[in-house]
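This note is for a colleague who has the sequence and the model open. The numbered points may be read in order beside the display.

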Amino acid sequence: MWCERSNSVISVEDWQKACLKAQTQAINSHLKLIQCKWLTRTDLTPTLLNKSDPDTSDVCVKCGAKGTLIHCLWKHPQIQTVWTEVLNVLSFITGVKIKLCITHNYTLLCVSWDFFPVECKLNTENKKMTVYCLLQAKHNMADTCKSISRPSLQAWLASLSNSLVLEKPAFMIRGKYSTFKKIWKIFLLFLEGENATEALLT
Ligand SMILES: [Zn+2]
């Protein structure tokens with residue numbers, strides 16, 4: 001329905017892909033739920049709150065622009081800066097300069113998939129880790145949507161650390177602990193080492 005409101009065209013294939021990704025990119029049920037909210041446009045952004053209560057402002061408290069989901073998660077200037085910082089940290093961890101190839105439909109659907117440029121040198125495990133880390137970053141951005149403060153990198157890394165506490169046993173129960181280690185080894189080494197401070201300061 002929001003597709004009609006925004007005069008956008010999303011193919012059935014893209015919808016199916018987004019819905020599938022929303023349920024499979026993370027085991028953490030909180031991250032699954034937030035992706036469903038983004039897809040169905042039920043996350044409580046200023047514009048949505050204003051629809052249910054006209055006395056509530058529909059603008060972004062940080063800059064005064066209309067507080068749509070796309071604005072809160074992508075277009076707001078501070079959020080653009082946070083995305084750059086997040087990508088810098090992930091590039092530092094993986095040793096590969098990560099640039100995203102943001103498509104029209106990706107931006108509209110707000111669910112991550114297939115946004116690595118074809119020339120991207122990340123291996124499959126590092127791509128999975130990067131997608132998860134970006135998903136967590138987006139979740140943190142949604143959390144600060146109605147706050148004057150911008151999401152911090154420290155809070156993002158702390159959220160990731162907490163999420164991995166839930167992901168690890170889920171992999172183990174499925175007999176896939178080796179897969180967990182392949183995906184998260186470099187990130188966990190980064191968190192444990194002094195490099196974390198270095199990456200956050202650069
Ligand atoms: Zn704003």
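**Note on the predicted model**

1. Buried residues account for 27% of the 202 residues in the chain. A residue is buried if 20 or more other C-beta atoms lie within 10 Å of its own, exposed if 12 or fewer, and partly exposed in between, with C-beta atoms placed from the backbone. The model is a predicted one, in which local features need pLDDT of at least 70 and side-chain atom pairs count only at pLDDT 80 or more, whereas totals for chains, interfaces and linings use all residues. Residues are numbered from 1 along each chain as its sequence is written.

2. The chain holds eleven helices and zero strands, and its pattern along the sequence is α-α-α-α-α-α-α-α-α-α-α. Helices (H or I, at least four residues) and strands (E, at least two) are DSSP runs, numbered from the N terminus. Of the contacts in the chain between residues at least 6 apart in sequence, 55% join residues at least 24 apart. Two residues are in contact if their C-beta atoms, placed from the backbone, lie within 7 Å.

3. The nonpolar core comes next. The term denotes a set of buried Ala, Val, Leu, Ile, Met, Phe, Trp, Tyr and Cys residues joined through C-beta atoms within 7 Å. The largest nonpolar core has 32 residues, of which C72, V86, C133 and M141 touch the most other members. Two or more residues of this core come from each of α3 (29–39), α5, α6, α8, α9 (153–173) and α10 (177–192). Helix α8 gives the most to this core, with eight residues. In soluble globular proteins, nonpolar side chains tend to be buried together.

4. Two packed helices are described by the angle between their axes and the distance between the axes. Axes are lines fitted to C-alpha atoms, for helices over the stretch in contact, and angles run from 0 to 180 degrees between N-to-C directions. Helix α6 (residues 77–94) packs against helix α8 (residues 124–143) at an angle of about 155 degrees, the axes being 11 Å apart. The two helices α6 and α8 are therefore roughly antiparallel; angles under 35 degrees count as roughly parallel, over 145 as roughly antiparallel, 65 to 115 as roughly perpendicular and the rest as oblique. Their crossing, α6 with α8, is right-handed. A crossing is left-handed if the near helix is turned anticlockwise from the far one by less than a right angle, and right-handed if clockwise.

5. Which residues of α6 and α8 make the contact? On the α6 side they are I79, V82, V86, L90 and T94, and on the α8 side N126, T130, C133, L134, A137 and M141. By class, this contact of α6 with α8 has eight nonpolar, three polar and no charged residues. Ala, Val, Leu, Ile, Met, Phe, Trp, Tyr, Cys and Pro count as nonpolar, Asp, Glu, Lys and Arg as charged, and the others, Gly among them, as polar. Apart from its neighbours within four places in sequence, V86 is in contact with L134, A137 and W156.

6. Helices α8 and α10 pack at an angle of about 65 degrees, with axes 8 Å apart. They are therefore roughly perpendicular, α8 to α10, and the crossing of α8 and α10 is right-handed. From α8, E125, K128 and M129 meet K182, I183, W184 and F187 of α10. The contact of α8 with α10 divides into four nonpolar, no polar and three charged residues.

7. Helices α9 and α10 pack at an angle of about 160 degrees, and their axes are 10 Å apart. That makes α9 roughly antiparallel to α10, while the crossing of α9 and α10 is left-handed. The contact involves L157, S161, L164, E167, K168, F171 and M172 of α9 together with Y177, T179, F180, W184 and L191 of α10. Eight nonpolar, two polar and two charged residues make up the contact of α9 with α10.

8. R41 lies in the loop between α3 and α4 (46–52) and has a positive phi of about 55 degrees although it is not a glycine. Most residues other than glycine have a negative phi. R41 counts as partly exposed because 17 C-beta neighbours lie inside 10 Å. L69 belongs to helix α5 (residues 69–75) and is buried, with 23 other C-beta atoms within 10 Å.
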